[in-house]
Structures are given as structure tokens and as C-alpha cells.
Amino acid sequence: MIYTAAEIKQIDQTATQNGMPESILMERAASAIVPKLPIESHSTILVVCGTGNNGGDGWVVARELAVKGHEVSVWLPLGDSKSEAASTHAAYASSLVRVIEQPVATDIVIDALFGVGLSGPVTGKARDVIEWVNQQMATVLSIDLPSGIPSDHALEFDGLAIQATRTYCLHGYKRTAFLNRTSPYYGQIERIDIGLPHTSGWSVLTESDFNRSLLERDRFSHKTDYGHGILIGGSRHLLGAPFLGGRAAIRSGIGLLNLSVPREASPFISTLPEAMYNQHTDVLEQSYDAIAIGPGMVEGEGMDTIWQQVKHQSCPIIVDAGALSTRRFETRGPLILTPHPGEFSRLTNQSVEEIEGDRFAVASEFAKQHRVHLILKGTYTLIVTPDGKGAVNTVEASALAKGGSGDILTGILLALWSRKGELQSPSEQAVLWHALAAKSISRTIHPASVLASDVIEELGRI
Ligand SMILES: NC(=O)C1=CN([C@@H]2O[C@H](COP(=O)(O)OP(=O)(O)OC[C@H]3O[C@@H](n4cnc5c(N)ncnc54)[C@H](OP(=O)(O)O)[C@@H]3O)[C@@H](O)[C@H]2O)[C@H](O)CC1
Ligand SMILES: [K+]
């Protein structure tokens, strides 16, 4: 689960009001973190504590490590704790550890300077402290967040934060763990359960969330059980995209596929004989289980006429690439938009920087406002439902950073949305499958060298 700072504070406050004091939560955090710390018996440890509750967590971790016999120093560069819970822990812990005035080089630095209480870019003496930590050769282990990293968005982030080796995120992840600008500071991330209830609208997708039964087939099934979709794509100069999407749809198990392509694509039809063909100028007569429109399309070239027909269909409609260029949100069935940040910038009139700096909020707002399913592509693709809730894909695959990848995702989406509503979250599963196939093929072919078609062939191998 992923939380904003305000959500964490709310959960914290509810717990406190119902008899679960912050000091106990700190205790829980520390006892969950300490066994996970990559610390050897001879390691020297410096815990850098700030004045808030993040510092309080640091104090309890320091105490526990000292009790276990480690050599621990605590540095309070910003002065004594201001929080009551943290001060209580500090009072006892300071009798067990060495409190130092000047920092010394150690093997391990535990960063408990700032957590979700940081607001805006770091000011004052803390800037020097962060720079000092970043100059050390030590393994840096951050509690909750790498200090200096904001929790929710990167819009005001000025680049000054602790570079962690590893970050232990309390209760849930923070949004900035999945933004391009801030995620590198986290190092490896690990979530720490502190026994609070989960209430977030955002979840994290990992490899284990991929539903492997997607690939199962009933021995008595028929092609119509797996859906009939149509992919409309291509333009005079972009003829490959619909074929990539179509092949991906077939490799993702679609029962029947129509490809609607421009007349100029005729020479390529023999490359995908498994599909049935239409031309863009044909009337959409049949009803389909899902429609995908856009790969390789450009504005003009009959797009408006095609859209007029498509929008009256009541099945799910996946809109990608060229078909995203105009704001078409009125459909009878579910509408699934798949922009990359540049396309999303044109849809929202916000800059790419604004979108990338605050993806979760911008994507959620847009999905709610237009009542659409949104797949905002990127290293951490967001999959948002019309209620503004969503998931972030954390299966990273650098092989996807090339032309053709989006067409493949559209094909997988078409196949999964065609399956007559039997799947729980077709968009999430499609994004995962796409990333897993790319990750899998990258084990035998270097990611820089992987072709979009290689990813398609891998779909059936994971
Ligand atoms: N439910 C949970 O997950 C729990 C998490 N816990 C931990 O508590 C912190 C949050 O603690 P909080 O006290 O709210 O805040 P911090 O410790 O992160 O930081 C507060 C101090 O930061 C100073 N500050 C704020 N902004 C700036 C800035 N731009 N530059 C410099 N300094 C800044 C602020 O100082 P002021 O003098 O301005 O007030 C505060 O002193 C959370 O992250 C977890 O680690 C709890 O353990 C309980 C449960
Ligand atoms: K921290």
C-alpha cells in the first residue's frame, strides 16, 4: 500500500486517540527494523536523529542495537527531541549509547533525521548534515524515508537528500518511492509492518500479483470463450504498429482478432494470417468484446469517422497513441486510456515535469474527472480506475524503453479486456504481463538489444 504524509498522520492520530500511543508505534517500528539491518557484529554504527518522531524511531533503534552489544553512537545535529514520545525514548536510550557532538566516520549510518514530517526543501543546518552523510563511505540505512525526500510529490524537491543504501518504509510506501526523480535516493526499499490498519487507495504490484491462471485453458473451451476483439490502427507511414499489437493480442490468448488497417497495409497482411482484416473505411458492423484504437494512427486520415462508429459500441474501448490526440471521453462502455507522459501532457495541458513530479495525484484526478481507466506509462506505470484509486507496477524492465512497446501493451489489453469481464483487473494484469515478458527476455538478450517482437514471443514463456 502507498500513503501520503497526511494519510499516515491521520492513521497515527486515530491510533493515538484509541489508546495506541506513538511511543509504542516507535517501539514496534524499531523491533521490526532491527532484525533486518545488514549489520555485522564488529560494525560501528552512527544513528543520526532529528527532532521529530523519525528521530524517535532512531533512538529506539539505537537502544536496541546497543542492548544487542553493538557499538552505537547517536548524533543530534539539530538539537534535542521536540516530540514527547521521542524524548521519553531518548531519555532511556541515552543511558545506553554514546551521544556525540561531532560526527565520526562509521561503517553504518542510520538516518533518522526526517520522515513524513518534512515540509518543503530542507532548510538550515540540516543541509550540511545531509551533505556530510552523503560524503561518507558508510552503508546508509534510512528510516521511513531518505531524509530530505518529500513524501507525496517531487514538485519542490531541490535535489538535496540522503542517498540511502536501503530504506525501511513504515506502515506503507510513500509516493516518492515510485517517482523517477526521487526513487533513486531510496536505494532498496522494504516495507515495515507496524500493525496499523491498511486504508490506502493505492497498491503496489509485484511479480507475485501476476495471475498465472490467465494462461490456463479449459479443455472444453471454444475460441469465443476467449473473446473477440478488434484492433484499429496504422496510418500511411506507420504500418507496423497494428501488427505488433495484433500479434501481442493473439499471443495473450484472444479467441478471435480483427485488425482494421489502412489500404496501404495490404502487403503486411500475410505476416499475421491468424487475424481477420478490415479496412479503416469499412463500417464496424459486428459487435466486439473489446476494441483497441490508436497504434500507429495519426490525427486526420479518417480518425473522426472511425471514432464516430467506435464510440457507440458498448464494449470496453482501449485508446492509445494517435487516437489519444483528441480528447474523446464519451463512450458507452468502459474507456481505457494508455498515455505516456508526453501524451498525458497533451490530454491535461500540464507539463511533463508537473506530471512526472506528481503522477499519483494528477492521474487520480484525471481518472475521476473523466470517469476513465487510465494507464499512465513509465518506469512505474500507474493503473488507475475511474474512482481515482489505483496501483503502481514495480516490475521494472528497461527493455520496454523503445518504440513498439506501447503497441504490445495495447494488444495485451485488448486480449484481456475481451475476456468478458471474467478477469479481476485486466489492466493491472496486462501491465504486469508486459513487464514480466520484457524482464524475462532480458535474461537472454541484453535489454538494449531486445526487439518489441521478442517481448511478444516471450508472453507465452513466463
Ligand atoms: N504511522 C507511522 O508510520 C508512524 C511513523 N512514525 C515516525 O514518525 C515520523 C514522522 O514524525 P514527525 O514528528 O511528524 O516528523 P519528522 O520526524 O519527519 O520531522 C519533523 C521535523 O522536521 C523539521 N522540518 C520540517 N520541515 C523541514 C524543513 N523543510 N527543513 C528543515 N527541517 C524541517 C521540523 O522542525 P520544525 O522546527 O520546523 O518543527 C520537525 O522537527 C515518520 O516518518 C516515522 O518515522 C512514528 O514512529 C509513529 C508511527
Ligand atoms: K529518515
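A polar contact is a pair of N or O atoms within 3.5 Å; within protein, one atom must be able to donate a hydrogen and the other to accept it, and residues adjacent in sequence count only if both atoms are side-chain atoms. In the predicted model described here, local features need pLDDT of at least 70 and side-chain atom pairs count only at pLDDT 80 or more, while totals for chains, interfaces and linings use all residues. Residues are numbered from 1 along each chain as its sequence is written, chains are lettered from A and ligands numbered from 1 in the order in which they are written, and side-chain values use heavy atoms, with hydrogens and water left out.

The protein has 13 helices and 19 strands; helices (H or I, at least four residues) and strands (E, at least two) are DSSP runs, numbered from the N terminus. Along the principal axes, the C-alpha atoms fill a box of roughly 80 × 40 × 40 Å. Of the 462 residues, 56% are buried, where buried means under 20% relative accessible area, exposed over 50%, and partly exposed in between (1.4 Å probe, protein chains only).

Two loop threonines show polar contacts of the side chain with backbone oxygen. Thr381 is in the loop between strand E17 (373-376) and strand E18 (382-384). A polar atom of the Thr381 side chain lies 3.0 Å from the backbone oxygen of Gly378, and Thr381 counts as buried because its relative accessibility is 8%. Thr182 is placed in the loop between strand E8 (173-174) and strand E9 (188-192). The Thr182 side chain reaches the backbone oxygen of Thr176 at 2.8 Å, and Thr182 is buried, its relative accessible area being 0%.

The shell around ligand 1 holds 24 residues, of which Thr51, Asp57, Lys82, Gly115 and Asp144 come nearest; a residue is near a molecule or strand if one of its heavy atoms lies within 4 Å of it. By class, 11 of the shell residues are nonpolar, nine polar and four charged. Ala, Val, Leu, Ile, Met, Phe, Trp, Tyr, Cys and Pro count as nonpolar, Asp, Glu, Lys and Arg as charged, and the others, Gly among them, as polar. Helix H1 (5-17), helix H2 (22-33) and helix H3 (53-67) each supply at least two residues of this shell, and the largest share, three residues, comes from H3. A polar side-chain atom of Asp12 lies 3.3 Å from a nitrogen atom of ligand 1. An N or O atom in the side chain of Asn54 is 2.8 Å from an oxygen atom of the ligand, and for a polar side-chain atom of Asp144 the distance to a ligand oxygen is 2.6 Å. Taken alone, ligand 1 exposes 950 Å², and the protein buries 79% of that (Shrake-Rupley method, 1.4 Å probe; for residues, only the protein chains shown count as cover).
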